[in-house]
Each structure stands twice: as C-alpha cells, then as structure tokens.
Amino acid sequence: MVKKMKINYLKNFSHTRLWKVLPNHSSELSQILVLQRMQGALGMISLILIFFLMMKDLYNFIFLLQRTMKCHHASTCFYKHLWEEIAKTMSENDDTLRSLVKMGYKQEEALVAIERLGPNASLEELVDFIGVAQMAKAEDALLPPEEKLQYNDYAKSNKRRFYDYEVLGRKKPRGCEKKILNEDDDEEDEALHLPNPMIGFGVPTESSFITHRRIPEDAIGPPYFYYENVALAPKGVWQTISRFLYDVQPEFVDSKFFCAAARKRGYIHNLPIQNRFPLLPLPPRTIHEAFPLTKKWWPSWDTRTKLNCLQTCIGSAKLTERIRKAVEIYDEDPPESVQKFVLHQCRKWNLVWVGRNKVAPLEPDEVETLLGFPRNHTRGGGISRTDRYKSLGNSFQVDTVAYHLSVLKEMYPNGINLLSLFSGIGGAEVALHRLGIPLKNVVSVEKSEVNRNIVRSWWEQTNQKGNLYDIDDVRELDGDRLEQLMSTFGGFDLIVGGSPCNNLAGSNRVSRDGLEGKESSLFFDYFRILDLVKNMSAKYR
C-alpha cells in the first residue's frame, strides 16, 4: 500500500506545482524532474537527498515537504515514513560531523566532504577527501591571481559535470576519460607542489637556509651543469626534467626576493649550495626603490610594491589612453569598479604611474635594470624596440643566477670554460662577469641572430680577454663538434642552459604541449649535449 502511494505521488507531481514549490531553485528544476520519474523507495530517498544537498537547511526542507504533502493529501503513514528516513540521515550525519570536528578539521570542510561523498561514506574516506582538498587549496594559493579559477565558476562547472555523468548517465568525452586514465596510471603526472615562499635553498634576504643536499652519484661534478625554466610548467614536466638530469631535484626560486619583479623559475643543477653570496650592491627590491620618480604620481589605492613577471610584450598605447580617460573624470579617487579595472590591467602589463592619471609600460632600459643587465645592454646595432622586449622577456634574472653561480668563484680563480646553450642575451655570461670570474672560453649556442649580436657586442664592450665561439643551433652540436672544441681548450667546466619555455608557460593558450611541444622539446638536446660532455670529460681531467 505504501509503495503504491509513493509511485502515484511521484507520477502525479505536476511541473506547475514544482515551480510553485521551488521559486528560488528553478535552476535545479531539470534535476528534480529527472528524479521525478524514478519509482519506489530508492527514488524517494534519492529525491530526499538531492533536496537536502541543494537546500543546505533541513528545516526549510521539512517545511517545503509539508507544503508538498498537503498539496497531494498524502497519508499520515507515508509522511511518518519519510520523516523517519530524514531524521535517521540527520542523526548519522551529525555524529560523523562531530567526529571530524573533534579530529581538528573545520566544520565547513567536514560539511563539504559529507556532501560530496554522501552520508554512507566512512570516516576514513572523509578524512582522505579533506586532506586532498587541503593540498589542492595550498597549491592553488601559489598561482598568480590571473591564473586562478573563480571558485563559483569552478563549482558550478564541477556540479554540472557530476550531474551529467553520474545522475543522467551521459557518456564522458573520450578526451576526459583519457585524461582520467593517465592521471590514475601515470605517476609522472602527479602534481608537483611548489614551495611557499619560493626561496629554493635560501636567498640573501631571508634567514632560513638549506646548506646540505644529496646529489646522485651520476650527477656529481665537475663538469657542473645549470638548467633553468618556468616553475609553473604543465603537470609532470619537472619530474621528467629531473629524471633526465640524473634525478637531481629542482630548486624553485622567485626572483622577487632579488629584485622588484616576480619571476618564478625552477633550476636544476649540481653546484654546491654552501657559501653562496649575492652581487653587490643589492638591487632595489620595490617599485619605488627601482623607479623613485613614479612615487610622486602613484595613487594610494594602487598598493603594488612588486611588478609581475616581465613578459616579451607590453601594454598598448590604446590601453593606457583608456585608463587615463577612466580615471581623470573623477576629482577624487575613482569608484571601486574603476580601481579594480585599472589595477587588473596594471598588474597584467606591468604599467607604472608616470604622471597625473597617466600610466605607461616599462621602457627597455628599465627592464634591463630589473633583470640585472647593464644599461643599454640590448640597445644599438639596429635592434628594434620590439626585439629588445622579446629578448629581455626570455632572459635570466642575473642577480638570481649569479647567487647560484657564486660558489664557482673560489673554485675557478683563474677563469672558467663555459658552454652556454640557448644563450639568449648572455644572462649566464653577464652573471659570471659581474661575479669577477674570468671567462676563458665561451661557446655560445643561440638561434636568434639578434641575441647573438647582443652577446657579441657586450663581449667587445666589456673588453673580455677570452675566446667567444658562436653556434646558431643546438642540433648542430654533435659529438664530433664537441670533441673538436674540447680538445682545443681542455673541456668545459660549466654547462648552462634554459631551453625555450614556449610550450610550458601558462600564458600560452594555444600550444601548451609541455616537453612534446615544438620548441620546448629542445630540452632533450640540452640533456643530449650535457651527457656527451660528461662522458667525454674524463680524458680532460
């Protein structure tokens, strides 16, 4: 009798009445209509649970149920049966919630876990869920603001996908299934958790240092190697790089601890980490210290003290004019909505205040200063302003790299033989020169003619006494060529390189293919050449 009443209740529950009962939950209507077609006790309990999760308030739910039952003149027996089911679920959830809170978890975290896993989940499953959620939250905190997902959008998207796949039984896209399989079966795809703060084994401006680490036997130098790339690479990339580079663990450093601009990078090297020292004088570490003239025009509502990562391009004149017009119409501070727009654009494009209501992108020589290069390092020789930004955006931050390489000064007082792969505008060469380490022989491998000309010009301007060899493609550097070079001056002491980050950087929304990408796959040439040099170096020691 009760079962028959339940079935009739669900069948006769009209769409019109449902709209009246749920005036504030019409967006969930399609979910309820699907459950309406389910029959028997299982269908009713499912309906109860969905209502409970959506309403987040048992008392509102009971009131709603009472109205619904009166509309359909349900029997007292049937209503009593429903009430008992709800009370039982509530009691079990309360006991579980109290247990989780006593274990030290926040009530909000516990409620989310119970909601996601359901009332029948064991305490162990709930604890595991909360732990994973905390780890994911900690990792997300490391992302720059523009790369974070909006929580509400993510939650809605996730809820929609769960409903489509699990409730409606729709098939998952093939790409989605493949991704899930890869994440389950492939250990190298596990997320790498970046440190916070991102100071590696230590930086000059922080008190905490790591002075000892274990280097695998195959990686012990000399020769020494030093590899750099973007820290926020796709999942699994740094594990792969580390595995190829003799299982040496990366050192992640944000250059905001060395200068006034952020630059999150990972470094894998076999250098000692004791007795490091910074370049002197220490560079400015805030925007106003680096560019004091901007302080006069800087509005109080722009609270930036550091610039974001310096890119290969700049904000347009059209954008800066739009910002000027948006701000100048107000005699006092602009409204919060305008401030929010302006600050977003200033952070995105590293705009600074150069006049009343006037912002502008950094000039190339200002970018050179922030990155630790000498003034006018990229100027002259027919190099365009656009090329200067591009070359600087792909370069090392010299002060950061010099701090890591500083341990070589005592080891090579008479000079060093350097193999510089993907040399760019000579960040490693400038760092060694500023450290006072003589450059005896430098083999610079760089595809860009613009960059090769910059390095050659710097070499001449600084009156280097050593020899500079130019090669334009790493793929041309094979065993025979290496043998020829190494026999000329007795091998390499240091192999430096940072392969292209085009397919690794988060700003690439088109071809972020990781190490399989056209440009970033050149990392494997770095490893190939490094391994050849290591194997050939024995005869020159």
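Asn357 lies in the loop between β4 and β5 (358-361), where strands (E, at least two residues) and helices (H or I, at least four) are DSSP runs numbered from the N terminus. The backbone of Asn357 has a positive phi of about 60°, although the residue is not a glycine. The structure is a predicted model, in which local features need pLDDT of at least 70, side-chain atom pairs count only at pLDDT 80 or more, and totals for chains, interfaces and linings use all residues. Residues are numbered from 1 along each chain as its sequence is written, and side-chain values use heavy atoms, with hydrogens and water left out.

The confidence of the prediction comes next. The mean pLDDT (the predictor's confidence in each residue, from 0 to 100) of the protein chain is 77, and 69% of its residues reach 70 or more. Over residues 52-64 the pLDDT is below 50, and this stretch has 21 contacts (heavy atoms within 4.5 Å) in the model beyond near neighbours in sequence. The pLDDT is also below 50 over residues 139-156, a stretch with 16 contacts beyond near neighbours in sequence. Where pLDDT is low, the predicted coordinates should not be read in detail.

Two cis peptide bonds may be located next. One runs from Asn196 to Pro197, with omega near 5°, and Pro197 belongs to the loop between α10 (174-185) and β1 (224-230). The other joins Pro222 to Pro223, with omega near 0°; Pro223 lies in the loop between α10 and β1.

Asn350 is found in the loop between α14 (336-349) and β4 (351-355). This residue is not a glycine, yet its phi is positive, at about 55°. Asn350 is buried, with a relative accessible area of 5%; buried means under 20% relative accessible area, with a 1.4 Å probe and protein chains only.

A cavity is a set of points, on a 1 Å grid over the protein atoms alone, where a 1.4 Å probe fits but cannot get out; lining residues have an atom within 4 Å of a point. A search of the whole structure finds four cavities of 30 Å³ or more.

Notes. Buried < 20%, exposed > 50% of the residue type's maximum accessible area, 1.4 Å probe, protein only. 1 Å grid on protein atoms, 1.4 Å probe; cavity = no way out; pocket = protein on both sides within 12 Å on 5 of 7 lines; lining within 4 Å. Points joined across faces, edges and corners; volume = space filled by probe spheres on them.
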